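Visitor: I would like to go through this model by its local geometry, its annotated residues and its pockets. Please show the sequence and structure before we start.

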Amino acid sequence: MNENIFTLPVTQQITPTLSERQIGQLPVIVVDHPACRAAITLQGAHLLAWQPAGEQPVIWLSGNTAYDPGTAIRGGVPICWPWFGPAGTPSHGFARNIPWELSGHTENDEGVTLTFTLTDNPQTQALWPHAFTLVARFTLGVECHIELESTGDFTTTAALHSYFQIGDIDTVAVRGLGSHYVDKVLDGAKGEHQGELVFTGRTDRVYTQPQAVSTIVDPTLNREIEVEHHHHSDVIAWNPGVALSTSMGDMTDDGYKTMVCVETGCVSTPQVSKPGAPARLATTLRVRALNQA
C-alpha cells in the first residue's frame, strides 16, 4: 500500500518536494525529497508512510483500511488523544478521526518539517468540553521525528500509535521495553519478564518502566528499527495475533504477520497541560541494517 501513495495524482503542488493528493476520500500531503519519502493525511495528522532513501518502507499500513472521513485508519502512526484506549468515545480519542490544518512547512537539503494544528470546535466540545490547541510537528529525513504538543488546562492520556513494517512476526524481537507491564489481554493483570519481547500470540502490553529507546530487531528484513521515546511514561507493544486479525474488517487475515506496534505513550501517568506549560509527547524513528548495529 505504501508504494501506491506516491503514484496518486497531484491535486496541488505546494513546493517542488511537497504535494497534496487524494487517497480514497481523504486529502494527503506527500513528501518526495532526496532524503526520504513520506505521506500524512490531513485527517488526524496521520503519518501513513516514511521511507528514507535506499531503505524499504518503515511504516505498516493495512491493505484493507478505508480512507473515509471520520473513519480511523488502520496502520501508520495514529495520534491517540485526548485519551488512550476505551476511556472515552471514540476509542483512542477524536484527534485521529477529524481534519487538521497544515499550518506550516519548511525544507532544506536534509529533509522537510511539516506542522499540523487542531483546535477545539463544536465537534470536539461535544466529546470533550475543553478549549485546546494541539500541534503535531513532523521532521522527515534520514530520521523521522514526531512531536505532539497540547496547550490548554486539562489532563490527558495519549500515544503515538506507531505501526512498523516487519518481515515476519515469528522472527521479530523488541528490546528496551523494561520488565514491568500491564497486560491488556489479561484484563489489566500486572506482569514482569526479563530480556527482549518475542510474539507467540496476541500481545497487548503497556510497559510502565521502559528504557528511553526500544529496538525492533528484524532478521527477516535484516534491519533494526530504533524507536526513541521522549516525554513519555509508557511504551505499548501490540500485535493482534491470528484470531483478532481475522476478525478485524480493516485488516487482512494475515496482516498481523508483517506488523508490530511499539508506541510512545502517556497512559499510566497522564499528561498535564497548564496555561503557559504545554504537555509534549514525541518519538524519533531510525532504521539501520542489522550488520551495521
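Visitor: Where is the place of P82?

Guide: This is a predicted model, in which local features need pLDDT of at least 70, side-chain atom pairs count only at pLDDT 80 or more, and totals for chains, interfaces and linings use all residues. Residues are numbered from 1 along each chain as its sequence is written, and side-chain values use heavy atoms, with hydrogens and water left out. Elements are DSSP runs numbered from the N terminus, helices being H or I of at least four residues and strands E of at least two. On that basis P82 is in the loop between strand 6 (79-80) and strand 7.

Visitor: Is the peptide bond from T89 to P90 cis or trans?

Guide: P90 sits in the loop between strand 6 and strand 7, where P82 also has its place. The bond that joins W81 and P82 is cis, with omega about 5°. For the bond from T89 to P90, omega is near 0°, and the bond is cis.

Visitor: What is the phi of H92?

Guide: H92 is placed in the loop between strand 6 and strand 7. At 12% relative accessibility H92 counts as buried, a class that means under 20% relative accessible area, with exposed over 50% and partly exposed in between (1.4 Å probe, protein chains only). H92 is not a glycine, yet its phi is positive, about 65°.

Visitor: And N222: buried, exposed or partly exposed?

Guide: N222 lies in the loop between strand 18 (213-218) and strand 19 (223-230). Its phi is near 55°, a positive value in a residue other than glycine. With 37% relative accessibility, N222 is partly exposed.

Visitor: Which residues does UniProt list for "active site"?

Guide: The record is an unreviewed entry; its positions are given in the numbering used here, feature names are shortened, and annotations may be inferred rather than shown by experiment. The residues that UniProt lists under "active site" are H161 and E263.

Visitor: What is the largest C-alpha distance among them?

Guide: H161 and E263 come from the UniProt "active site" annotation. They are spread over 103 residues of sequence but cluster in space, with a largest C-alpha distance of 4.8 Å.

Visitor: Which side chain makes a polar contact with that of E263?

Guide: E263 is in strand 21 (residues 259-273) and is buried at 1% relative accessibility. H161 belongs to the loop between strand 11 (154-160) and strand 12 (163-165) and is buried at 6%. A polar contact is a pair of N or O atoms within 3.5 Å; within protein, one must be able to donate a hydrogen and the other to accept it, and residues adjacent in sequence count only if both atoms are side-chain atoms. At 3.3 Å, the partner of the E263 side chain is that of H161.

Visitor: How much space lies in the largest pocket?

Guide: On a 1 Å grid over the protein atoms alone, a cavity is a set of points where a 1.4 Å probe fits but cannot get out, while a pocket is an open set with protein on both sides within 12 Å along at least five of seven lines; lining residues have an atom within 4 Å of a point. Grid points are joined across faces, edges and corners, and a volume is the space filled by probe spheres set on the points. For the largest pocket, the value is about 360 Å³.

Visitor: Which of the residues that line the largest pocket are closest to its centre?

Guide: The lining has 8 nonpolar, 4 polar and 7 charged residues, where Ala, Val, Leu, Ile, Met, Phe, Trp, Tyr, Cys and Pro count as nonpolar, Asp, Glu, Lys and Arg as charged, and the others, Gly among them, as polar. Of the 19 lining residues, the closest to the centre are R74, S91, H92, H161 and W238.

Visitor: Which elements give two or more residues to the lining of the second largest pocket?

Guide: This pocket has a volume of about 180 Å³. Its 14 lining residues include E110, G111, T139, L140 and G141, which lie nearest the centre. The elements asked for are strand 7 (101-108), strand 8 (111-119) and strand 9 (132-140).

Visitor: Which side chain is joined to that of R175 by a polar contact?

Guide: R175 is in strand 13 (residues 173-175) and is partly exposed, at 42% relative accessible area. Beyond four places in sequence, R175 touches E196, V213, S214, T215, V217 and E224, contact meaning heavy atoms within 4.5 Å. The polar contact, of 3.1 Å, is with the side chain of E196.
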